[in-house]
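Visitor: Can you walk me through this one? Keep it short, please.

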Amino acid sequence: PSTTVASPHRSCHPARPMSSLQSIDGTRCLVTGSAGFVGSNLVRALLARGCTVHGFDLAPATLDHPNLRWFQGDVRSYTDVRDACEGVDVVFHTAAMIETLTYAPESFSEFVKSVNVDGTKNVLRAAIESGATRLVHTSSIITVPFDRPAGLGEPADYSDARDLYSTSKVESEKLVLAANGDAGLLTTAVRPGGIYGPGERNTLIGPLVTALKQGAPLVVFGKDDTRMDYTYIDNLVDAEIRAAERLVPGSPVCGRAYFVTDGDPINTGNFSKTLIDDMGIDAKTLRIPGPVARVLATASERVFQVFGKPKPPVSLVGVQLCLKDSFFSIDRARQDLEYEPLVDTREGLRRTAVDARAYYDSL
């Protein structure tokens, strides 16, 4: 059932004087998931600010820089995480598995939880034991109740959806916010929508471009009158840095979660159509009615749950996000983080399309 977090907004040592902002320029930072789309962009932004960055990922180093120290390890291993956290002041936790299946083999489900939940526990423990003072967690809009009216701000309750991503991100966000104030560590969480931008290859843009190259049509679920939040990568990176700089004693940011999006919701089908048009690709569109899409997605997940293959190309949650409004107010981020989207969705798609077309041509 939906639950309310106990004391989600604990005071950040209120007896100490409040400073509204503490720059991270020149600090030592850890970025988990540093080879991923969000993590790698965050690493580059921090290096540009003169930070010394500890990159942490299962993958080998993706960037060569004198101020970057790479730690190749598994977030499920506390020892690996602790080594990477040594000597850092600010932690950006982006490492996660984006798996939205509701029905999956037990071993697969446990693996996702071990990364998203147990990995977060390791990051929090390492941050506290190494003396880090600030931690920004990359959460998701999927953590809030799915049946909530669109356009509102951050709720007190959480989603009760049973898919792997919702359950593991809800649990990990709760852990992060509950840890605020522990041993001097101040924490916050940002909740982006669908993350996109140049270089994204695994979740939104890459799979779409690959399918187009193979001659597949653009598959659209339901009608075109629903809208969803998206977050351009530059907007997300800017928000994460703003959040880190405002994790100071007495700040309202401590122990809170924030929606961070383009502030410009768009229909999922129109999002993809606009991208394809900007790429200069002529693709057919196949529209599948909502009830049919739900049945197909459920059936494919059940087959995967029983036989372990094939992994469904589209999840039931993915279908549902196309069939119902799923967008939120970013007023709290505007107020507390002084956040304003640097790039709107139309411009973000234009920039993304340039890279996507080059990727398409390379396949």
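Guide: One term to begin with: a crossing is left-handed if the near helix is turned anticlockwise from the far one by less than a right angle, and right-handed if clockwise. Helices (H or I, at least four residues) and strands (E, at least two) are DSSP runs, numbered from the N terminus. This is a predicted model, where local features need pLDDT of at least 70, side-chain atom pairs count only at pLDDT 80 or more, and totals for chains, interfaces and linings use all residues. Residues are numbered from 1 along each chain as its sequence is written, and side-chain values use heavy atoms, with hydrogens and water left out.

Visitor: OK. Which way does α5 pass α11 in their crossing?

Guide: The crossing of α5 and α11 is right-handed. Helix α5 spans residues 205-213 and helix α11 spans residues 345-362. Their axes (lines fitted to C-alpha atoms, for helices over the stretch in contact) are 10 Å apart. The angle is about 45 degrees, counted from 0 to 180 degrees between N-to-C directions. That makes α5 oblique to α11. Under 35 degrees is roughly parallel, over 145 roughly antiparallel, 65 to 115 roughly perpendicular, and the rest oblique.

Visitor: Which residues make that contact?

Guide: From α5 come Ile-205, Gly-206, Val-209, Thr-210, Leu-212 and Lys-213. From α11 come Thr-352, Ala-356, Tyr-359, Tyr-360 and Asp-361. Contact here means heavy atoms within 4.5 Å. By class, the residues of this contact are six nonpolar, three polar and two charged. Nonpolar covers Ala, Val, Leu, Ile, Met, Phe, Trp, Tyr, Cys and Pro; charged covers Asp, Glu, Lys and Arg; the others, Gly among them, are polar.

Visitor: And α5 with α7: at what angle do they cross?

Guide: Roughly 60 degrees, and the axes of α5 and α7 (residues 268-279) come within 12 Å. The two helices are therefore oblique to each other. Their crossing is right-handed. On the α5 side are Ile-205, Leu-208, Val-209 and Leu-212. They meet Phe-271, Ser-272, Leu-275, Ile-276 and Met-279 in α7. Eight of the contact residues are nonpolar, one is polar and none is charged.

Visitor: New topic. How far apart are the axes of α1 and α6?

Guide: The axes of α1 (residues 37-48) and α6 (residues 233-245) are 10 Å apart, and the angle is about 60 degrees. That makes α1 oblique to α6. The crossing of α1 and α6 is right-handed. The α1 side of the contact is Phe-37, Val-38, Asn-41, Leu-42, Ala-45 and Leu-46. The α6 side is Ile-233, Leu-236, Val-237, Glu-240 and Ile-241. The contact of α1 with α6 has nine nonpolar residues, one polar and one charged.

Visitor: What about Thr-94: where is it?

Guide: Thr-94 sits in the loop between β4 (90-93) and α3 (106-130).

Visitor: Why does Thr-94 count as buried?

Guide: Because its relative accessibility is 14%. Buried means under 20% relative accessible area, exposed over 50%, and partly exposed in between (1.4 Å probe, protein chains only). Leaving aside neighbours within four places in sequence, Thr-94 is in contact with residues including Val-38, Leu-42, Thr-138 and Glu-240. Thr-32 is also one of these contacts. A polar atom of the Thr-94 side chain lies 2.5 Å from the backbone oxygen of Thr-32.

Visitor: And Ser-139: buried or exposed?

Guide: Ser-139 is buried, at 3% relative accessible area. Its place is the loop between β5 (134-138) and α4. Not counting residues up to four places away in sequence, Ser-139 touches Tyr-165, Lys-169, Glu-173, Ala-189, Val-190, Arg-191 and Pro-192.

Visitor: Which residues does a cis peptide bond join?

Guide: Lys-309 and Pro-310, with omega about -10 degrees. Pro-310 is in the loop between α8 (290-307) and α9 (316-323).

Visitor: What is phi of Ala-183?

Guide: Near 50 degrees, a positive value in a residue other than glycine. Ala-183 is exposed, at 63% relative accessible area. It lies in the loop between α4 (164-178) and β6 (186-192). Glu-338 has a positive phi too, of about 55 degrees, and is not a glycine. Glu-338 lies in the loop between α10 (331-336) and α11.

Technical notes
Polar contact = N/O pair within 3.5 Å; in protein donor to acceptor, adjacent residues only side chain to side chain.
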